[in-house]
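Subject: Structure handover

Hello,

Here is the structure for your files. Please open it next to this message as you read.

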Amino acid sequence: MPNGVKLMPHRHQEDRVYTVISGMFYIGVGDRFDVGTLQAYPPGSVVVLPGNTSHFHWAKSGEYITQVSGMGPLGIDYVNPGDDPRHHSD
């Protein structure tokens, strides 16, 4: 994820396992983006997120790389559909 990018609150139907490869991975849980709930995970960390858990990410302190594992079918649903970057026309 490039420096500064925010993924607004969303959820996945499937369970997800994030392994932090490099950088600092900031993730929070909830239906709204709340900086106060972000948790920082350094390289080597593993984060397990149950399916249908609303969460958000922020590349707050620079680029990060995570390996994401899950059993398909894979999907993503934004809490606020207007936050979905797939539907923005630039």
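Below are the findings, from the whole chain down to single residues.

First, the ground rules. This is a predicted model, so local features need pLDDT of at least 70 and side-chain atom pairs count only at pLDDT 80 or more, while totals for chains, interfaces and linings use all residues. Residues are numbered from 1 along each chain as its sequence is written, and side-chain values use heavy atoms, with hydrogens and water left out.

**Overall fold**

The protein chain has 8 strands and 0 helices. Both are DSSP runs, numbered from the N terminus: helices are H or I with at least four residues, strands are E with at least two. In sequence order the pattern reads β-β-β-β-β-β-β-β.

Along the principal axes, the C-alpha atoms fill a box of roughly 30 × 30 × 25 Å.

Of the 90 residues, 30% count as buried. Buried means under 20% relative accessible area, exposed over 50%, and partly exposed in between (1.4 Å probe, protein chains only). The chain exposes about 5300 Å², with 54% of it supplied by carbon and sulfur atoms. These areas come from the Shrake-Rupley method with a 1.4 Å probe; for residues, only the protein chains shown count as cover.

Now contacts, meaning heavy atoms within 4.5 Å. Take those in the chain with a separation of 6 or more: residues 24 or more positions apart account for 73% of them.

**Aromatic rings**

Rings of Phe, Tyr and Trp (its six-membered ring) pair if their centres lie within 6.5 Å; planes under 30 degrees apart count as stacked, over 60 as edge-to-face and the rest as tilted. The count comes to 4 aromatic pairs. One of them joins Phe-33 and Phe-56; it is tilted, at 4.9 Å centre to centre and 40° between the planes. The pair links distant parts of the chain, 23 residues apart: Phe-33 sits in the loop between β3 (25–29) and β4 (39–41), Phe-56 in strand β6 (residues 55–58). Phe-33 is buried, at 18% relative accessible area. Phe-56 is buried too, at 0%. Elsewhere, ring pairs link Tyr-18, Phe-25 and Tyr-64 into a cluster.

**Around Val-20**

Val-20 belongs to strand β2 (residues 16–22). Is Val-20 buried or exposed? Val-20 counts as buried, because its relative accessibility is 3%. Leaving aside neighbours within four places in sequence, its contacts include Phe-25, Tyr-41, Ile-65 and Thr-66. Pro-42 is another of these contacts.

**Backbone points to check**

In the loop between β5 (46–49) and β6, Asn-52 has a place. Asn-52 has a positive phi of about 65° although it is not a glycine. Gly-51 lies in the loop between β5 and β6 as well. Which residues does Gly-51 touch, not counting those up to four places away in sequence? They are His-12, Gln-13, Glu-14 and Asp-15. The C-alpha atoms of Gly-51 and His-12 are separated by 5.7 Å, and the two residues are 39 apart along the chain.

Finally, a cis peptide bond joins Gly-72 and Pro-73, with omega about 10°. Pro-73 is in the loop between β7 (65–69) and β8 (77–78).

Best wishes
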